[in-house]
Amino acid sequence: MSDLLERLRGRGWRLTSQRRVVAEVLDGEHVHLTADEVHARAVERLPEISRATVYNTLGELVGLGEVLEVATDGRAKRYDPNAHHAHQHLVCYGCGAIRDVHPQGDPLAALPDAERFGFTLSGAEITYRGLCPDCAVATA
């Protein structure tokens with residue numbers, strides 16, 4: 001069983017066949033699918049699942065804090081099931097590929113007190129950008 005399915009079961013979330021398929025599609029490392037990609041993969045497993053059901057389920061999962069909504073550079077939002085493990089993202093300028101990365105150190109500590117303007121910090125989202133190996137070769 002996937003980590004996401006286990007977390008949802010632990011919360012007592014009602015796992016209909018549609019919800020289960022969406023959770024199964026989101027399983028894995030470095031998963032950052034758009035809603036349309038989730039729908040396309042879900043249809044392969046459960047042909048009668050509707051686009052609206054996928055969108056609603058993704059919205060519920062984000063609302064529960066079980067899936068992160070990742071938006072980069074005005075591209076379609078992507079959904080990341082790695083919501084319970086601190087990480088940042090590495091994004092390719094060329095193809096839009098996203099990878100989870102785990103830099104050392106506390107990103108909150110990196111912001112000097114003088115730059116906090118009295119804010120009490122609770123989180124930081126850092127996005128590293130560059131070209132993936134395939135796009136780097138294509139532009140060389």
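What share of the contacts in the chain with a separation of 6 or more comes from residues 24 or more positions apart? The share is 45%, where a contact means heavy atoms within 4.5 Å.

This is a predicted model, in which local features need pLDDT of at least 70, side-chain atom pairs count only at pLDDT 80 or more, and totals for chains, interfaces and linings use all residues. Residues are numbered from 1 along each chain as its sequence is written, and side-chain values use heavy atoms, with hydrogens and water left out.

## The chain as a whole

The chain has 140 residues, and 33% of them count as buried. Buried means under 20% relative accessible area, exposed means over 50%, and partly exposed lies in between (1.4 Å probe, protein chains only). Accessible areas come from the Shrake-Rupley method with a 1.4 Å probe; for residues, only the protein chains shown count as cover. The C-alpha trace spans about 55 × 45 × 25 Å along its principal axes.

Five helices and six strands make up the elements of the chain. Their order from the N terminus is α-α-β-α-α-β-β-β-β-β-α. Helices (H or I, at least four residues) and strands (E, at least two) are DSSP runs, numbered from the N terminus.

## Two helices at the start

Two packed helices are described by the angle between their axes and the distance between the axes. Helix H1 covers residues 3-11 and helix H2 residues 17-25; their axes come within 8 Å and cross at roughly 140 degrees. H1 and H2 are therefore oblique to each other. On the H1 side, the contact is made by Leu 4, Leu 5, Leu 8 and Arg 9; on the H2 side, by Arg 20, Ala 23 and Glu 24. Axes are lines fitted to C-alpha atoms, for helices over the stretch in contact, and angles run from 0 to 180 degrees between N-to-C directions. Angles under 35 degrees count as roughly parallel, over 145 as roughly antiparallel, 65 to 115 as roughly perpendicular and the rest as oblique.

## Salt bridges

A salt bridge is a side-chain nitrogen of Lys or Arg within 4 Å of a carboxyl oxygen of Asp or Glu. The count comes to ten salt bridges.

| Pair | Closest N to O |
|---|---|
| Glu 24 and Arg 45 | 3.3 Å |
| Asp 36 and Arg 51 | 2.7 Å |

Glu 24 forms its salt bridge with Arg 45. Glu 24 lies in helix H2 and Arg 45 in helix H3 (residues 35-45), so the pair ties together parts that are 21 residues apart in sequence. Glu 24 is partly exposed, at 25% relative accessibility.

Asp 36 pairs with Arg 51. Asp 36 is in helix H3 and Arg 51 in helix H4 (residues 51-64), so this pair joins parts 15 residues apart in sequence. Asp 36 is partly exposed at 42%, and Arg 51 is partly exposed at 43%.

Glu 69 and Lys 77 are also partly exposed: Glu 69 has 40% relative accessibility, and Lys 77 has 44%. A network of salt bridges links Asp 3, Arg 7, Arg 11 and Glu 66.

## A nonpolar patch

Leu 90, Ile 126 and Tyr 128 make a nonpolar surface patch of about 220 Å². Patches are made of residues with over 30% relative accessible area and no salt bridge: like charges are joined within 9 Å, nonpolar side chains (Val, Leu, Ile, Met, Phe, Trp, Tyr) within 5 Å. Ile 126 sits in the loop between strand S5 (98-101) and strand S6 (127-130). Ile 126 counts as partly exposed, at 30% relative accessibility.
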